[in-house]
Amino acid sequence: MSPLTSRAKRTNRVRLSRRQTAALTILAIALLVCGHGVSQQSQTPQGGASTGGVYAPVHDAEHRPITAGGFVTNGPVIFEDISRQAGLTTWRDQGGSSAKEYIVESLGSGVALLDYDNDGWLDIYLVNGMTYDAMNGKAESPHAALFHNNHDGTFTNVAAKAGVMNDRWGVGVAVGDYDNDGWPDLYVTNVGKNRLYHNNHDGTFTDVAEKAGVALDGWSTGPTFGDYDGDGRLDLFVPGYTAYDFHDPPAVGSKSVVSNYCQYRGASVFCGPRGLKGEHDHLFHNDGNGKFTDVSAKAGVADAPGYYGLTSLFVDLNGDGKPELLVADDSTPNYLYRNKGDSTFEDLSFESGYAVNHDGRETATMGIAVGDDRNVGRLDILDTDFSDDYKVLYRNDGDLNFVDSSYEAGVAKDTIPFLSWGDGFIDYDNDGWKDIFIASGHVYKQVDDHDWGTSFAQRPLLLRNTNSGKFTIVPAVKGSGLAMVLPARGAAFGDLFNDGKIDVVMNNLDAPPTLLRNVNRDQHHWIEFQLIGGAGKPRDAVGAVIFVTIGKTTQRGDVLSGGSFASSNDPRVHFGLGDATSIDSVEVHWPGGGPAEKIVVPGVDRILTIEQGHGITHELCPKCSAGKHK
């Protein structure tokens, strides 16, 4: 693209953003005055959450809401629920009371996949909430879980031994080796003080949040690690949600409720987030001595309006080697901050097209997924949001220009009834094209008492990439993992069994977690990479980008921390290869810029460890004779 064309595109985007800003302002005034949603069907009050309006209910053949039905008898089984066999159902998430009278009880928690003991197998960390009895000293606190992978399809909860039970009202988690010692650390956010668990290299962790200066003491949500200033150390961004006082919880008549946003479709529900005071966001610079400095205002990412942040992600969206910052905001405009390369960011939220959807309307954004689903070398963004609203797919046109292409891509219509959280671009069938997985579950218990076409517990969605930039819903076969009806929240994606297939772990509100093993019968090939940064780079290579080329098709994969909903995925980068038995080229772009490194791979169907400047240092090949290791 010529500089002139680039400037012209940006000018057009700015003009569009001004129209969007005007539309957004008018809409915001209308919402503040009357608390109404926008829909051609109805002007029923919508309450504290931003939606697209009021839609007619969608039912299946048995008159169930489509969110809890629509199953088919025959078809391919993609995922199998192995939660019980794997040993995960011995643990359950807890969040306040079952009635869900307050917003704090509805949010749920995230999940992280990490190899905490460096044995080559992914383990599972599940954040937990809290109960009022525990807060009042009448019961034991709910504990977070760290499930160690036993290499035989089972997991053992070692959270107590590892020292990572948290025992606070937990929300989100990000994984990052902040001290570059080669061992992954955990940052866990809470309603209250957060924890930074430093990995002690012996199966245990130590909470150093207070000493490091990152404890905070508000309502923090989905964090992300990333080296925003290129100094080789991972920095930390922590979004804030709302101010919350357990002694004066937000309810009708409470002093903490600015406006009475306590209805949904005319029914009384808990108040918020609209009408509540928002928390500000925080960017912590890693000083390299075990401590962090809050540089939010100086860097330009402090969130002066106090939007309701839920999830964040450092990711390079324009290919300049410097990560941008995305923030998913609930019922307020989303943020896209361009990394200027001088330790500051430029707010391009509206200019980029990411702040609002195609209608110029903010969404109740919960989760963020990024992926090159068109194999064009650029990352698109998928945001999940509330029921009565379509999930938004922002196409990346380059130069930080994004276009809402949800309807054109086939993502919008079928997702409207679902209230969705964790999401990911995953190549579930290894055909070389990234598909979409979405975890869902409502926040209002009252939806089960009304014929609104939605439900409190909901089935997950899998959208298959048809290789043309369009997606189709994969039918949920009865008895399979896609037919499970769950109050899902956080979701993380990764190869838990080192077999080249991407599995899913969901953290469910007031329920045991779900482990969906990928049992798709495709015979396609695959390859995975674990990257290790060199001197002066993040050791876990967060921010690295890998390009894999076969023939005329090049795929892109990124090493990221955070995203989905308040969760962290497998740090290894996975590629489906279709029927290809060889790879033409592999190119690694290490974080912070510099020359790309070209790698010659020995074959497919294997997990390769690449260390910057040293090439392939380890190989796991399950299908090779004797399970080759290097």
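Residues are numbered from 1 along each chain as its sequence is written, and side-chain values use heavy atoms, with hydrogens and water left out. Because this is a predicted model, local features need pLDDT of at least 70 and side-chain atom pairs count only at pLDDT 80 or more, while totals for chains, interfaces and linings use all residues.

Reader: How many cavities of 30 Å³ or more does a search of the whole structure find?
Author: A cavity here is a set of points, on a 1 Å grid over the protein atoms alone, where a 1.4 Å probe fits but cannot get out. Points are joined across faces, edges and corners, and a volume is the space filled by probe spheres set on them. With the cut-off at 30 Å³ or more, the search of the whole structure comes back with four.

Reader: Which strands give two or more residues to the lining of the largest cavity?
Author: The largest cavity holds about 520 Å³ of space. It has 31 lining residues, meaning residues with an atom within 4 Å of a point, and Val370, Phe425, Asp558, Asn569 and Asp570 are the closest to its centre. Strands are DSSP runs (E, at least two residues; helices are H or I, at least four), numbered from the N terminus. Those giving two or more residues are strand 21 (368–371), strand 25 (420–426), strand 29 (488–494), strand 34 (553–558) and strand 35 (573–578).

Reader: How many charged residues are in the lining of the second largest cavity?
Author: That cavity has about 80 Å³ of space, and its 14 lining residues include Ser106 and Tyr241, both among those nearest its centre. Asp, Glu, Lys and Arg count as charged; Ala, Val, Leu, Ile, Met, Phe, Trp, Tyr, Cys and Pro as nonpolar; the others, Gly among them, as polar. The lining splits into eleven nonpolar, two polar and, for charged, one.

Technical notes
1 Å grid on protein atoms, 1.4 Å probe; cavity = no way out; pocket = protein on both sides within 12 Å on 5 of 7 lines; lining within 4 Å.
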